[in-house]
Amino acid sequence: MPWDLVKLNDGRSMPSIAYGTWTLGNGQSAVDQVDQALSVGFDHVDTAQSYRNEQEAGQALKESGLARSDIFVTTKWSGQADIPTSIRNSVGNLGISYVDLYLVHSPRLAVPDIPTTWKQMEQVVKDGLAKSIGISNFNVEQMQELLNSANIKPVANQILFHPYVYAQQKPILDFASQHGIIIEAYSLLIPLTHQPGGPLDKPLSSIASRLDVSPDQVLMAWAKAKGVVVVTTSSKESRLKGYLAAGDLKLTSDDIDAIDEAGAAGARRLTAKTLLRRAAGLALLTAGALAVCSYLGIDVL
Ligand SMILES: NC(=O)c1ccc[n+]([C@@H]2O[C@H](COP(=O)([O-])OP(=O)(O)OC[C@H]3O[C@@H](n4cnc5c(N)ncnc54)[C@H](O)[C@@H]3O)[C@@H](O)[C@H]2O)c1
Ligand SMILES: OCCc1c[nH]c2ccccc12
């Protein structure tokens, strides 16, 4: 089995790669794409209230003929209604009686506060509407605040995770690991999709050529080596098959070090770029203010 099941802190298990529906839109093409993912072998679907395609995902689940127990369904509370109403709408849309995992999509939704929100999430488990509950986009302080009052621990925290943010996210990984919380990685392929041309290009393509695979598969194998669950997507069947096959790839420790180092170099480059952009913005603002003062005859120097 290339991508194993991971054990959750509540005794349940989760497939370690998921197919995400964020960018599918809705209607028949969304149903077809989820159908395709299930038929190539994905058995974990990651959706959300805000993705507006839970119904389409549910239709594909039904059409797949898979037994409910053979598929792991995650959805998220995105704040469109209160938690009790939202979870009932979500399971209704999905056409199932429970979801395997229900996540708080963002800590920003936790109004008035995290403990109050988490109490409502715990009730969802008691009501049998979610088997497990978790969080998304929580930092260490927010996880700590949640754990201070939790009766049921979150099983997972779904976060942005790729080599350019690895060092930045590492404290979240360490904290999660100390508390038995699984990290789910989204946007793992950003170095290829949104930030090509960076320091990762070289090591990714050289490792990919040596192993006769594609750079996205190398990133998947890197994430697997870091012990995270991968949440990804594609409309292309060949890419989806490649993601699943990447579960069998074995990277050497030198490969992993090379990716970590290039990731850190890219992060430094991005920080420098951001600082430069901010400095340029400040200079423009100052020049503008000086021009206005001079126009108004105000002597500032
Ligand atoms: N919890 C959250 O806040 C949150 C945020 C973002 C995404 N997600 C979840 O994660 C899922 C996946 O997110 P993502 O789309 O950012 O994932 P991703 O980083 O895995 O990117 C997937 C995209 O990469 C492209 N791709 C694959 N290989 C490539 C290559 N070699 N070169 C160029 N492009 C390549 C695919 O075609 C696809 O469009 C979402 O559908 C959603 O379920 C959750
Ligand atoms: O998950 C993808 C990004 C996204 C879509 N809707 C949201 C609501 C809250 C936090 C993140 C998101």
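Q: What makes a residue part of the shell around ligand 1, and which are the closest?
A: The cut-off is a C-beta atom within 6 Å of the ligand. In this predicted model, 23 residues surround ligand 1, and the closest are Gly20, Trp22, Leu189, Asp216 and Thr232. Helix H7 (190-193), H9 and strand S10 (229-232) are the elements that give two or more residues to that shell. H7 gives the most, with three residues.

Q: How do the residues of the shell around ligand 1 divide into nonpolar, polar and charged?
A: You get eight nonpolar, twelve polar and three charged. Gly counts as polar here.

Q: What about the residues around ligand 2: which are they, and how do they divide?
A: They are Trp22, Ala48, Ser50, Ser78, His105 and Ser106. That shell splits into two nonpolar and four polar, with no charged residues.

Q: Why is Tyr51 called buried?
A: Being buried takes 20 or more other C-beta atoms within 10 Å. Tyr51 has 22, so Tyr51 is buried.

Q: Where does Tyr51 lie, and what is Tyr51 in contact with beyond its neighbours within four places in sequence?
A: Look in the loop between strand S4 (44-46) and helix H2 (54-64). Contact means C-beta atoms within 7 Å, and leaving those sequence neighbours aside, Tyr51 is in contact with Thr21 and Trp22. An unreviewed UniProt entry places the feature "active site" at Tyr51, though such annotations may be inferred rather than shown by experiment.

Q: What makes H9 mostly covered?
A: Ten of its eleven residues are buried. Among them are Pro215, Asp216, Trp222 and Lys224. Just after H9, Gly227 takes a positive phi of about 80°.

Q: Which residues touch the most other members of the largest nonpolar core?
A: Of its 73 residues, those are Tyr102, Ala185, Ala223 and Val230. Helix H9 (residues 215-225) gives the most to this core, with six residues. Setting aside neighbours within four places in sequence, Ala185 is in contact with Phe161, Ala223, Val228, Val229, Val230 and Val231. In soluble globular proteins, nonpolar side chains tend to be buried together.

Q: How do you know what confidence the predictor has in the chain?
A: The average pLDDT is 94, and 89% of the residues score at least 70. The model also scores ipTM 0.99 and pTM 0.94. Where pLDDT is low, the predicted coordinates should not be read in detail.

Terms used
Residues numbered from 1 in each chain as written. Chains lettered and ligands numbered in written order. Buried ≥ 20, exposed ≤ 12 C-beta atoms within 10 Å, placed from the backbone. Contact = placed C-beta atoms within 7 Å. Core = buried A, V, L, I, M, F, W, Y, C linked by C-beta atoms within 7 Å. pLDDT = per-residue confidence, 0-100.
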